[in-house]
Every structure is written in structure tokens, then in C-alpha cells.
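Let's take a walk through a protein model together. Have the sequence and the 3D view ready, and follow along.

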Amino acid sequence: MRLFLECATNSDCSEQEGFNFMENINKKNFLGQVSLYFSEIGLSKTFGLIFGLFLWENKNFEMKDIINEVKISKSTASVELRKLIQFGAIEKFYEIGQNAQLYRIKNNMWSEVLAQKKNEIDKLRSILNGVEKKKINKTTSLQDIQNYCDFMEEELPLLSQKYKKFIERRNKK
């Protein structure tokens, strides 16, 4: 794993080691990279490991399978699965005749991520709406938030539409 992480952060490691890093990525390396990515953006490495597992395997999991695969406690698995559900990445469901809850990656997950971003902007906007305009105009950081909200409210719907069209074109091929 150490060699993999060193190669992942060294742009010419592929040539030095004599392999193309992306063509030869295995499950362990993939999970490590996804875990590292989520750690770098402020989420837990375990969140990344579990999400990476769903991406790599593309199948339904019971919690016990996730616990065994990622080697974590039941409580940690429960917390991280809840976070993944809130994030919009996975969903919980039941199959007839099975007692255990199952988890799977959500269809159109990335479209939902864009929709969630809109909800986040709406919440931020509602906070700003409670602040007097005079205060916003006098405070650079509040103006920055207002500008960010204005920009995102204008651009997110366009980005969402473009993404949907992009996916439609890809699916036609």
C-alpha cells in the first residue's frame, strides 16, 4: 500500500516503476485512493473505504459484509453508512424473504449530489436573509457568501441540465 500511495502522489512514478498506474489499479489500491480522497476533502477515511467498496463491487451489501470487507466495527459501519445515505451515495432497502437490511449505490447519484448542493445553497441563503442588508453591505465575508449564493443559484440549474444531457448522450452510444 505504501508504494501505491507514493506512486499516486508522484506524477512520474508510473514511468519509474514501469507500469501505468491507472491500468493496473487493483481493489486494495482503489479503496486506498478513494479513502484518501475523502479524507482530503474533510470526510473520514472509513467513509471513503465503504464508498469505494460500493463503487468497485457494484453490488448490494449487508452491513456484516461491509464490516468483514473493510474490517471495521459494527458501530463505525452504522455511522458511516448513515453518512453515505445522507450524502446521497447509497440507499438502504429490504428484499422479500431476507431479514437483513441491504445497501446499494443509488442510481443517478451524481445528479442527486448536484441537487443537494442546491439545498445547501438554499439553506445558506436563508441564513443570509435573516441578516440586515446594511450589515451584509458593510461586511466583506457576508458579501462573499451572498456572491457565492448568487453565482451558485444561477449556475447550478445550468450545470444540472448539462449533466443530464451529457448522460443521455453517453447512454445513446
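We'll start with a helix and then turn to the aromatic rings.

This is a predicted model, so to speak of local features we need pLDDT of at least 70, and side-chain atom pairs count only at pLDDT 80 or more, while totals for chains, interfaces and linings use all residues. Residues are numbered from 1 along each chain as its sequence is written, and side-chain values use heavy atoms, with hydrogens and water left out.

Find helix α5, residues 63–70. Helices (H or I, at least four residues) and strands (E, at least two) are DSSP runs, numbered from the N terminus. In α5, Met63, Ile66, Ile67 and Val70 are buried. Buried means under 20% relative accessible area, exposed over 50%, and partly exposed in between (1.4 Å probe, protein chains only). What do the buried residues of α5 pack against? They pack against α4 (45–57), β1 (61–62), α6 (74–87) and β3 (102–105), where contact means heavy atoms within 4.5 Å.

Now for the rings. Rings of Phe, Tyr and Trp (its six-membered ring) pair if their centres lie within 6.5 Å; planes under 30 degrees apart count as stacked, over 60 as edge-to-face and the rest as tilted. That rule gives eight aromatic pairs. Tyrosine 37 and phenylalanine 38 make an edge-to-face one, 5.0 Å centre to centre with 80° between the planes. Tyrosine 37 is partly exposed at 46% relative accessible area, whereas phenylalanine 38 is buried at 4%. Ring pairs also link Tyr37, Phe38, Phe47, Phe51, Phe87 and Trp110 into a cluster.
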